[in-house]
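Q: Please go through the terms used for this model and the criteria behind them.

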Amino acid sequence: MTPSQASVASSLFKDPYVLDFVEIAEDAHERHLEKALIDRIKNLLLELGKGFSFMGSQYHLDAGGQDYYLDLLFYHTKLHSHVVVDLKMGEFEPEFAGKMNLYLAAVD
């Protein structure tokens, strides 16, 4: 992002996101969270903030001849850029960042 886009992005994105409106079991997987979010897309869009447009779930990408599927893909109408969400439940693992970088490069 350009510095001006980064400034706008930091003012538009919330930290943290509170997804209390989603009811899932404690032992649920990312797929369960995704389905619950899709079922409650209006609430999700309101939680994300102004300017978000839902583009799809399990959004197909072809990167270097490999098939990848984004958990959730949004477009931000004020930033004029895509927002990729890769859902993970549990502790952060370093390979998550590498996978997200691949997704972002492919979407770009």
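Q: How do you know which classes make up the lining of the largest pocket?
A: The lining has 18 nonpolar, four polar and two charged residues. Ala, Val, Leu, Ile, Met, Phe, Trp, Tyr, Cys and Pro count as nonpolar, Asp, Glu, Lys and Arg as charged, and the others, Gly among them, as polar. The model is predicted: local features need pLDDT of at least 70 and side-chain atom pairs pLDDT 80 or more, while totals for chains, interfaces and linings use all residues. Residues are numbered from 1 along each chain, and side-chain values use heavy atoms, without hydrogens and water.

Q: What volume does the largest pocket have, and which residues are closest to its centre?
A: The volume is about 620 Å³. Of the 24 lining residues, Phe13, His82, Val83, Val84 and Val85 are closest to the centre. A pocket is an open set of points on a 1 Å grid over the protein atoms alone, where a 1.4 Å probe fits, with protein on both sides within 12 Å along at least five of seven lines; lining residues have an atom within 4 Å of a point. The volume is the space filled by probe spheres set on the points, which are joined across faces, edges and corners.

Q: Which element gives the most to this lining?
A: β3 does, with five residues. Strands are DSSP runs of E, at least two residues, and helices runs of H or I, at least four.

Q: Why are the buried residues of α3 placed on the same side?
A: Leu44, Glu47 and Leu48 are buried (under 20% relative accessible area; exposed is over 50%, partly exposed in between; 1.4 Å probe, protein chains only). They cover an arc of only 95° around the axis, so they lie on the same side of α3; the arc is that of the directions from the helix axis to the C-beta atoms. The face turned away carries the exposed Lys42 and Leu46.
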